[in-house]
Amino acid sequence: AKKCSEIHPDQLETLAKDAHVLLKIDRIFPSGDPEKHYKELCNRFEESPEGRVKDLIIGHFAIDADGSDKEKKAKELAREFGSGDKSSWPTYVLLKKGAEETTEAIKFEGD
């Protein structure tokens, strides 16, 4: 079943080999309109016909901006995607199927 889920940084490279990955970078406890919009996106994704979204994964990194070293990999990836500053969160990044480098990611900016 397709659904939005948390993506661990170590999974990203493997996932992008076989599917397009739309990744939301955000804090651990997101709230407000941006989170509401993400949930609406997830609902639409889950209700979409399988054929339209078969090569798409939607998920998120939950980062504790003031947290421990265990989040180091997620923070490093956020920086590589141009989203190292928590004031820019949430940020959406698309890795196209087959992408091998974070530099190949497309960052979505704006509202």
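The model is predicted, so local features need pLDDT of at least 70 and side-chain atom pairs count only at pLDDT 80 or more, while totals for chains, interfaces and linings use all residues. Residues are numbered from 1 along each chain as its sequence is written, and side-chain values use heavy atoms, with hydrogens and water left out.

**Overall fold**

The protein chain has 4 helices and 5 strands. Helices (H or I, at least four residues) and strands (E, at least two) are DSSP runs, numbered from the N terminus. Their order from the N terminus is β-α-β-α-α-β-α-β-β. The radius of gyration, taken over C-alpha atoms, is compared with a globule rule of 2.2 Å times the number of residues to the power 0.38. The chain's value is 13 Å, close to the 13 Å that the rule gives for 111 residues, so the chain is as compact as a globular protein of that length. Of the 111 residues, 34% count as buried. Buried means under 20% relative accessible area, exposed over 50%, and partly exposed in between (1.4 Å probe, protein chains only).

Strand 2 covers residues 20-27. Two strands pair if DSSP finds at least two bridges between them. Strand 2 pairs as follows.

| Partner of strand 2 | Sense | Bridges | Example of bridge partners |
|---|---|---|---|
| Strand 3 (residues 56-63) | parallel | 8 bridges | arginine 27 and isoleucine 63 |
| Strand 4 (residues 91-95) | antiparallel | 5 bridges | valine 21 and leucine 95 |

**The disulfide**

The structure holds 1 disulfide, meaning a pair of cysteine sulfur atoms within 2.5 Å. Cysteine 4 is joined to cysteine 42, with S to S at 2.2 Å. Cysteine 4 lies in the segment before strand 1 (5-6) and cysteine 42 in helix 2 (residues 32-47), so the pair ties together parts that are 38 residues apart in sequence. The torsion about the S-S bond of cysteine 4 and cysteine 42 is about -110°, so the disulfide is left-handed. Both cysteine 4 and cysteine 42 are buried.

**A pocket**

On a 1 Å grid over the protein atoms alone, a pocket is an open set of points where a 1.4 Å probe fits, with protein on both sides within 12 Å along at least five of seven lines; lining residues have an atom within 4 Å of a point. The second largest pocket has a volume of about 250 Å³. Of its 14 lining residues, the closest to its centre are Leu12, Glu13, Lys73, Leu77 and Thr102. Helix 4 gives the largest share of the lining, 4 residues.

Note on methods. Points joined across faces, edges and corners; volume = space filled by probe spheres on them.
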